Structure formats: C-alpha cells, structure tokens
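Hi,

Here is the structure I said I'd pass on.

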Amino acid sequence: MTYGVSSATKKAPPHGERERKNMYAAQEIRSTVRPAAATASATKMQAIVHRQYGTPDVLHVEEIDRPVPGDEDVLVRVHAAGANIGDHHVVTGRPYLIRLSPYGGLPRPKNLVPGATFAGRVEAVGAKVTTLRKGDEVFGQADNGAFAEYLVIPAKMVAPKPKNLTFEEAAAVPWGATALMGLRAGGVVAGQKVLIIGAAGGVGTWAVQIAKALGAHVTAVCSSRSIEMVRGIGADEVIDYTKEDFAAGGARFDVILDMVGDRTIADCQRALLPKGAYVSSAGGGGDWIGPFLRLGALLLKSLFTKQKLKSFIMTPDRNNLVALTELVEAGKAKPVIERTYPLREAGAALTHVGEGHARGQTVIKIAT
Ligand SMILES: NC(=O)c1ccc[n+]([C@@H]2O[C@H](COP(=O)([O-])OP(=O)(O)OC[C@H]3O[C@@H](n4cnc5c(N)ncnc54)[C@H](OP(=O)(O)O)[C@@H]3O)[C@@H](O)[C@H]2O)c1
C-alpha cells in the first residue's frame with residue numbers, strides 16, 4: 001500500500017484561509033455572496049446551530065440559509081456526517097485554547113454550524129472548479145458546517161467516495177487520516193511490532209487496520225468488551241487494559257501509537273525498544289491547553305533519549321483521503337460504525353463521543 005504523498009510535517013493550507021471560505025459566520029455569508037448565486041442563498045436548509053459554548057445539548061436544529069460556494073468551492077448535499085471528539089471540543093469550547101483557533105471564536109462560537117467529516121453528493125460547483133460536477137459522490141473533512149443538509153468546502157479538499165461504501169460509512173473514513181498520520185510519524189514498516197493504545201476507538205480501529213495493511217505485527221490495547229471486535233479487524237494480540245498493564249509485561253515495541261494518553265511518558269518508554277518511537281495522538285491535559293501539555297513534555301524528554309517521542313496535530317489533506325480510499329477499496333480496511341443518529345440528535349451523538357468510551361465511529365445520518 002502507499003501512505004499517500006503527504007508527510008506528518010507537510011504544511012497544510014492555512015486554516016484561516018479555508019475558514020474564510022467556509023462561510024457560516026453571518027458577516028462572511030454576506031461578503032462572499034456573488035450576484036449570480038443570490039438565488040441559491042435564498043434557499044433554506046436544516047442545520048444544527050451552535051450559538052454558545054456548553055454541553056452538546058446547547059445544539060438544536062434550525063432552518064437557515066444554505067451556504068453559497070465561491071469560485072473554487074463545491075456545494076455538497078450532505079448525506080452523513082461523523083461525530084467525533086474534535087466536534088465535542090468545538091461545541092464545548094474546551095480545552096479553552098480552541099476558542100482562540102479558527103474552530104472556536106470569542107466570546108462565542110464564530111462558526112454557526114459544527115461538524116467536520118462528511119459524505120454526500122455535489123450539488124453545485126464554483127466557476128473555477130473543473131475536477132468535480134453535480135452529482136459526484138464525495139467525502140472529506142471540512143473545518144465546520146457538516147451537521148447540515150448542505151456544506152460548502154474548497155473543491156481541492158474533497159475526494160471521490162470509496163465505491164464500496166455507503167455515505168454513512170464514507171463519513172467515518174476521515175478518522176483514518178489521524179491514524180495514518182500517527183503511524184507515519186512513527187515510521188511504521190512491515191515486520192515491526194506496533195502497540196495501539198485505544199484500539200477500539202474511532203481512530204484506533206483505523207490504526208489497527210492500517211498498521212496491519214503495512215505489514216506490522218499489531219498488539220491492541222482495549223477493554224474487555226472490545227476484545228473480539230479488535231481481533232475481528234486484524235489485531236494479532238490484544239491486551240485488556242482492565243486486567244493487564246502493557247508497560248509491565250516486558251514486551252517491547254518498535255512503535256507505540258497512543259490514543260488515550262492516561263499513562264506517564266516514562267511508562268510508555270518502558271514498553272518501547274531502545275530506538276523505538278512513541279507517538280501521542282491523545283487529548284488529556286485538562287481544560288486549558290489540552291494536549292499541548294503532553295506535547296511539551298514529549299519535546300523535552302526527547303532531548304535525553306534515543307527513543308523518538310512525538311505528537312502531532314491532524315490536518316485535513318485530500319491525499320490522505322485518497323490513500324484511505326485505496327485501502328478501503330482493496331478490502332484492507334473498513335469503517336467500524338458503532339452508532340448512527342439522526343441530524344436532530346447530533347447533540348446526543350456528541351454527548352456519546354464526549355464520554356470517551358465510543359467504539360469505532362459515530363455517524364449522523366442526514367439524507368437518504
Ligand atoms: N492528534 C490529533 O490531531 C487528533 C485527531 C483526532 C483525535 N485525536 C485524539 O485521539 C484520541 C482518540 O480519539 P478517538 O476519536 O479514537 O476517541 P474515542 O472514539 O472516544 O475512543 C477512545 C477509546 O479509548 C478506549 N479507552 C479508554 N481508556 C483506555 C485505556 N486506558 N486503554 C485503552 N483504551 C482505552 C475507549 O474504550 P473503553 O471505554 O472500552 O475503554 C474508547 O474505545 C482522543 O484523545 C482525541 O482527542 C487527536
């Protein structure tokens with residue numbers, strides 16, 4: 001398989017730029033409407049709106065104007081969206097640092113409609129878009145706006161939907177990009193021993209399958225209820241964290257990909273080979289700066305060891321979507337969808353993922 005072209009360090013397009021194009025802030029809708037598109041902007045849609053930070057029950061359905069695509073954008077009829085922990089951070093505004101980012105806003109959320117990963121059909125294309133046309137089935141990850149019947153996104157950020165997946169399944173594929181970036185940051189190659197902590201979650205289920213597709217020997221860490229599931233997606237060995245401690249068993253791994261982050265870095269280093277790589281994709285760090293605390297500690301500790309200690313921030317990249325599609329269409333990986341909610345229950349979906357015990361991916365079904 002190929003990893004796709006980008007590396008974990010590839011510079012993503014500035015979020016601010018994409019943000020300007022993802023036009024749900026009221027002023028921006030006004031400033032980007034072109035005369036030819038004025039009719040479309042009058043068309044309404046059902047959407048989940050986010051006017052204040054709080055628990056996901058602050059979310060509700062409203063009828064609002066459809067967004068209008070700019071010259072390089074596409075308007076997508078959204079059939080399904082993913083509900084993940086990142087969306088939970090956006091809706092709650094925690095860690096607070098997110099409020100200073102393009103995903104947040106002060107004193108209140110600046111993006112009216114939350115939601116990032118989606119799958120749907122192209123409804124209209126901007127004047128300069130030549131790669132997509134009305135009716136194309138696509139999927140991708142937007143900065144916001146996916147919890148709605150229609151979404152605007154730059155054409156260069158979407159990819160053709162995997163042919164063998166439904167829209168609901170395709171909306172769960174972009175989680176795989178985080179797993180891909182994490183395994184890439186660890187430099188996983190065939191024959192290596194890889195430990196996946198949090199293997200049963202939305203990212204972890206992809207990580208197990210992608211590491212297997214790369215030819216690694218995979219040990220999955222999960223709770224008792226998920227043992228069969230992670231075996232079913234290819235894990236060679238399973239550690240039930242409620243009964244065993246991966247750091248105490250004496251096993252040593254080439255790469256550890258950590259999606260939980262509840263163990264000290266020293267514990268994780270004990271389970272690594274002397275030149276192994278530990279990659280943290282985890283949150284944690286409390287309500288203020290979140291994962292940046294662990295990132296700082298990893299940077300500091302990495303100065304004093306031959307082990308590689310890393311963290312990364314997932315940045316949406318179409319090349320990753322294409323790489324995941326190759327895997328899915330080759331039958332080497334598939335989404336593991338635990339629950340599906342209707343659009344009006346998006347808040348309940350986010351409450352579920354926010355509890356930290358989701359298995360596989362959680363999807364919001366928007367259209368049939
Ligand atoms: N770096 C990035 O840019 C990036 C991007 C996306 C996500 N993330 C982070 O990646 C992490 C995982 O995201 P996700 O969407 O996969 O979360 P998730 O779907 O909520 O999955 C978390 C999983 O971890 C399991 N778990 C809890 N405690 C565990 C432990 N001690 N050992 C092993 N497994 C444990 C849970 O299962 P049980 O309840 O059964 O134990 C659950 O299945 C989050 O911290 C998220 O913030 C980072």
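Let's start with a helix pair: α4 and α13 are roughly perpendicular to each other, a label used for angles of 65 to 115 degrees. Before going on, note that this is a predicted model, where local features need pLDDT of at least 70 and side-chain atom pairs count only at pLDDT 80 or more, while totals for chains, interfaces and linings use all residues. Residues are numbered from 1 along each chain as its sequence is written.

Back to the pair: the axes of α4 (residues 85-92) and α13 (residues 346-354) cross at roughly 110° and come within 9 Å. Axes here are lines fitted to C-alpha atoms, for helices over the stretch in contact, and angles run from 0 to 180 degrees between N-to-C directions. Helices are DSSP runs (H or I, at least four residues), as are strands (E, at least two), numbered from the N terminus. On the α4 side, I85, D87, H88 and V91 make the contact, and α13 brings L350, V353 and G354; contact asks for C-beta atoms, placed from the backbone, within 7 Å.

Then there's an open sheet of 6 strands, paired in parallel in the order β10-β9-β8-β11-β12-β13. Pairing takes at least two DSSP bridges between two strands. At the edges sit β10 (237-240) and β13 (308-311), each pairing on one side only. The twist from one strand to the next averages 15°. Strand β12 (residues 272-280) pairs with β13 over 4 bridges, in the parallel sense, and V279 stands opposite K310 in β13.

Finally, helix α7 (residues 204-213) lies across β8 (193-197), β9 (217-222) and β11 (253-258), and runs at about 170° to β8.

Cheers

Methods
Angles under 35 degrees count as roughly parallel, over 145 as roughly antiparallel, 65 to 115 as roughly perpendicular and the rest as oblique. Two residues are in contact if their C-beta atoms, placed from the backbone, lie within 7 Å.
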